[in-house]
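I opened the model to look up an annotated domain, a sheet and a chain contact. My notes follow in that order.

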Amino acid sequence: MTQPIQKVCVIGAGTMGAGIAAQVANAGVPVLLLDIVPKDGANRNAIAQGAVAKMLKTEPAPFMSKSAAKLVETGNIEDHLEKVATCDWIIEAVIERLDIKQGLYEKLEALKKPGTAVSSNTSTIPLANLVEGRSEAFKADFLITHFFNPPRYMRLMEIVTGPATASDVAAKVEEFADVKLGKTVVAAKDTPGFIANRIGTLWIQLGLNAAFDMGISVELADAVAGKPMGVPKTGIFGLVDLVGIDLMPHLQASLTSTLAKDDPYQAIARDIPLIQKMIADGYTGRKGKGGFYRLNKEKGRQKEVIDLASGEYHAVTRPAGPRGAAAKGNLRKLVETKGGIGEYAWAILGGTLAYAASLVPEAADDVVAIDDAMKLGYNWKQGPFEMIDVLGAAYLAKRLEEEGQPVPEILKVAGERSFYRVENGVRQHLGLDGEYHDIVRPEGVLRLSDVKLSSQPILKNASAALWDIGDGVVALEFTGKMNALDGEVMKLITKALPLVQEKYKALVVYTDADNFSAGANLGLAMFAVNIAAYSEIEKLVAGGQMAYKGLKYAPFPVVGAPAGMALGGGCEILLHCDAVQAHAELYTGLVECGVGLVPGWGGNGEMLLRARNAAKMPKGPMPPVAKVFETVSTATVSKSAAQAKEMLFLRPDDGITMNRDRLLYDAKQKALSLVEGYTPPEAPEFRLPGDSGRVGLSMAAEGFHKRGLATEYDLVVSDALAQVLTGGEADLVDTVSEQELLKLERDAFMKLVREPRSIARVEHMLETGKPLRN
Amino acid sequence: MDSVVIAGYARSPFHLANKGALARVRPDDLAAQVVRGLIAKTGVEAADIEDLIVGCAFPEGEQGLNVARLIGLLSDLPLSVGGMTVNRFCGSSMSAIHIAMGQIAVGAGEAFICAGIESMSRVPMMGFNPMPNRALAEKSAAYMGMGETAENVATKYQIPRAEQEALAVESQKRASAARDAGKFVDEIVPIETRDGLVEQDGTIRGGTTAEDLAGLKPAFDAKGSVTAGTSSPLTDGASAVLVTTESYAKAHGLPILARIKSVAISGCAPETMGLGPILSSQKAMERAGITAADLDVVELNEAFASQAIACIKDLGLDTAKTNIDGGAIAIGHPLGATGARIVGKAASLLKREGGKYALASQCIGGGQGIATVLEAVE
């Protein structure tokens with residue numbers, strides 16, 4: 001039996017090793033981070049310590065909280081390697097040199113406990129070579145775990161086991177990577193580049209080659225190979241700038257030396273003189289002087305782009321890219337577009353999709369693994385086989401045949417069929433055997449999208465739906481654009497309350513979307529303002545207050561299950577839940593002041609309650625008020641669920657799920673755990689500081705204004721907020737009820753929503769997505 | 001009347017609030033260690049002490065209740081020794097000395113410990129519950145932030161930013177030179193913390209140059225001239241002096257540092273509170289029968305460079321004799337603890353440097369000044 005993983009060691013404190021260590025710490029697991037002893041300097045741990053210090057300043061942050069950083073113990077491999085005996089998983093992330101890795105493994109073998117997993121984060125060296133010369137026992141504990149950069153944010157981890165790897169060791173690592181590190185683990189074969197980088201490198205090379213050969217401009221290339229293909233808008237050139245142009249020759253050398261001589265990549269790998277010159281001149285991308293794109297500081301940070309023919313930079317132009325259906329995911333329209341666009345799109349897509357299809361079963365057992373790898377490792381919206389389904393497998397095979405290209409086996413197997421289908425409410429994929437196989441979710445994974453395949457909503461309107469997710473639990477889902485909240489959502493909540501009470505046990509607020517909710521539907525609110533329908537707005541505010549309080553006081557448990565952004569009203573609904581099970585990547589906050597408003601759906605009172613109950617909150621009427629004022633007036637948003645706890649948006653005992661796919665399941669379990677003996681909370685009463693407190697808050701705000709950190713209008717907005725938080729006209733000795741506080745909140749909201757400068761802020765946000773600092 | 005002397009001075013190391021080595025030390029524990037240190041170093045008979053008078057600018061939280069009594073108990077002073085907490089903001093512990101002097105004058109004791117404490121890490125400026133009176137806030141600058149008052153003084157006296165920065169650089173230079181020469185060793189009581197013994201100031205930035213300071217952003221007013229570099233830092237620290245009658249000190253062989261010649265308090269406009277030392281120093285010097293030209297040592301608290309410069313100009317002080325070992329911009333300004341530090345420091349310097357008269361003076365938030373004139377004891 002092997003030990004469960006309670007402590008991890010990462011050897012190599014470069015970007016990847018340090019980032020992996022940070023993610024282990026983010027999971028609350030202690031981690032030992034070792035690197036070599038620096039050649040000079042007295043501090044023998046300087047490299048690992050420096051890596052941690054640097055990560056604390058890096059944006060986007062590798063750590064989810066400052067306290068996570070404290071779980072990282074730093075050291076060096078000369079003085080501290082024997083500490084690996086206390087670890088249950090050792091991750092090697094040192095330089096990509098076989099001799100160095102093998103030398104390290106030899107030392108580890110003598111020091112580690114039997115059953116402690118050792119994995120390499122190599123992206124280029126075959127497993128078979130890594131374990132040469134090691135004992136059978138070591139080989140049984142050894143595997144490759146290939147993370148993607150940055151390890152906190154990229155969800156893919158490729159796992160490669162060798163013939164000798166013990167299945168329980170691999171299972172232990174896989175479970176830890178999945179549940180604790182939040183990774184989707186994709187099983188890859190021990191072949192060069194594994195899955196994602198092998199396909200990705202070919203895809204990039206095809207994109208570069210074709211642009212140079214066909215005389216396509218950088219801007220047009222990215223406009224074709226970006227959004228229309230469901231690829232991040234950086235496209236190919238922008239992506240290369242991001243990862244570093246100087247990395248390309250290394251990837252190329254590694255793959256050409258390890259791939260079979262007849263691999264299609266060998267035929268397209270080539271040195272491009274302009275790229276070689278750019279690297280030599282320091283134009284290595286965003287980390288260097290610039291890349292294919294650059295910001296010209298002499299011209300006020302004007303964005304410029306390189307001309308692939310002349311090598312000269314000029315201002316970025318907006319190319320006439322794909323239009324209509326071709327721009328919106330119809331890949332067949334895209335590759336058939338006339339005038340260069342279609343040819344360029346085909347050069348990339350045809351080559352990449354054919355290559356991906358040829359890798360089953362060489363690099364992966366099935367199409368799902370390949371699709372997952374590309375979606376999670378390269379942030380593609382669809383994997384290669386999902387794209388083939390859009391394009392048509394037969395269409396792809398026919399075009400390849402017409403061009404004299406080999407047609408991969410699996411395309412022949414598919415024929416006229418698609419790679420994915422839904423049968424009896426279950427999603428299936430096509431195997432090499434020509435049969436469809438169910439896609440089985442791992443234990444503990446529940447997706448609303450799967451529920452939807454096999455059932456109808458209990459309730460549904462334009463902005464929300466209610467689903468039965470089994471075991472007596474229902475899920476409330478937002479369905480509007482950006483999951484915006486409006487009167488329809490409130491109506492559905494109001495309708496759901498008696499229904500759930502009658503027929504179910506608990507309710508979970510959840511959505512499969514990347515973002516839980518961007519908050520209230522401001523567009524709708526502005527429409528009402530423009531026609532001066534203020535009573536409608538007040539109804540919407542009051543309706544939201546009622547719906548949210550309805551959730552709070554419902555006779556059944558309500559659990560919020562947010563992931564991604566949960567802003568404004570999206571944050572307020574969470575504040576009304578009995579408990580929250582949050583995805584670790586939670587970006588939540590009451591951002592209303594940023595658009596010249598105050599929280600209007602009960603957020604103020606709920607935050608005051610949180611602050612009042614917070615541990616270490618000093619006594620007296622002001623500290624909770626000042627804390628909430630500070631957080632809300634500055635529209636502060638958490639950058640993780642751990643931070644959301646520090647900011648009081650989450651309670652200390654709210655749960656955090658690291659793996660996005662496990663969120664709904666965990667939330668459902670949490671809801672079920674609350675069912676027995678559930679009693680709704682009692683309405684609180686507040687003792688608030690009144691006018692004196694308001695003077696204190698406005699003095700603080702004025703200080704910010706003087707320092708240039710708050711605008712004059714910020715003072716108006718923050719004063720309205722202070723009016724609510726200090727209890728309006730109530731005196732220090734008065735008791736303020738929850739309903740009275742809601743009235744203050746409505747009044748403040750209604751006052752601000754009539755202010756032209758607030759309206760300007762809202763309109764600016766709707767137009768640009770950015771706050772207006774008026 | 002028997003004259004009153006400073007018969008001993010001690011302080012904790014001063015450290016930056018929140019990030020410094022004393023951030024995790026309770027203020028009452030911190031002050032108790034300094035009180036014990038003072039008793040040990042002077043050899044005073046603890047049972048002879050009438051009262052422990054402690055200045056604190058924000059006496060709440062861990063430095064709340066009657067913290068003086070608590071510090072007395074923590075220091076294992078005999079139960080017979082009293083304890084009183086005094087609040088005059090930054091002038092608190094200098095007021096403690098003045099009170100002791102008054103008590104001696106009315107025959108209510110021979111020996112007092114006058115201490116000061118402020119943990120700006122653990123109790124925020126303005127306290128935990130700032131609740132200003134709206135009517136007063138509207139009619140006066142009583143609640144104005146200190147940085148803003150420093151800007152007002154800079155404007156009123158037309159003190160350019162570079163001049164403020166020159167004073168700050170000099171302060172840092174003098175403080176680091178004094179530290180490096182071991183001149184603080186005698187006054188500092190090492191403090192036990194959970195992370196070990198803290199023996200040195202953590203506030204002083206010796207290498208500070210005018211160029212460093214010129215790069216800082218204004219700290220209080222985006223269009224202003226006062227920066228973090230020309231302000232005293234938020235500081236944790238404690239200080240204490242032994243105040244006795246001259247005859248008691250002599251009879252018990254205590255190390256007399258100086259005699260208190262005169263004291264004064266004055267009020268001024270809250271919006272330019274930094275000018276407080278001008279009137280209070282003038283009053284104290286008049287009471288002592290001296291002028292600025294007679295001063296051999298001056299300890300003028302540098303709450304901000306701008307107000308220190310204004311006071312130096314108006315009082316006609318000799319900068320060579322002012323803050324000889326550096327001022328609060330370098331050493332730090334733990335509000336309630338500063339008064340006892342600068343009186344104790346002025347007394348020590350009078351002894352070390354020689355000379356006849358010393359002045360210790362400081363400004364006080366809300367618009368006051370406080371001053372003490374010391375005289376060498378032959």
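Predicted model: local features only at pLDDT ≥ 70, side-chain atom pairs only at ≥ 80, totals over all residues.

I looked up the record first: an unreviewed UniProt entry lists "domain: 3-hydroxyacyl-CoA dehydrogenase C-terminal" for residues 193–294 of chain A. I then computed the make-up of residues 193–294 of chain A, which came out as 58% helix and 2% strand. The end C-alpha atoms of this stretch lie 30 Å apart.

Sheet. I traced an open sheet of eight strands in chain A, with mixed pairing. I wrote down the strand order as β3-β2-β1-β4-β5-β6-β7-β8. β3 (72–76) and β8 (184–187) of chain A each have a single partner strand, so each has one side without a neighbour in the sheet.

Strand β6 (residues 142–147) of chain A runs antiparallel to strand β7 (residues 156–161) of chain A, and five bridges join them. Within this pair I found Ile144(A) opposite Val160(A) in β7(A).

Contact between chains. I counted 16 residues from chain A and 15 residues from chain B in the contact. On the side of chain A that touches chain B, the elements giving two or more residues are α26 (622–633) and α29 (690–706) of chain A. α29(A) gives the most to that side, with eight residues. I sorted the residues of the chain A side into seven nonpolar, six polar and three charged.

How values were computed:
Residues numbered from 1 in each chain as written. Chains lettered and ligands numbered in written order. UniProt positions renumbered as here; feature names shortened; annotations may be inferred. Helix = DSSP H or I, 4+ residues; strand = E, 2+ residues; numbered from the N terminus. Contact = placed C-beta atoms within 7 Å. Nonpolar A, V, L, I, M, F, W, Y, C, P; charged D, E, K, R; others polar. Pairing = 2+ DSSP bridges.
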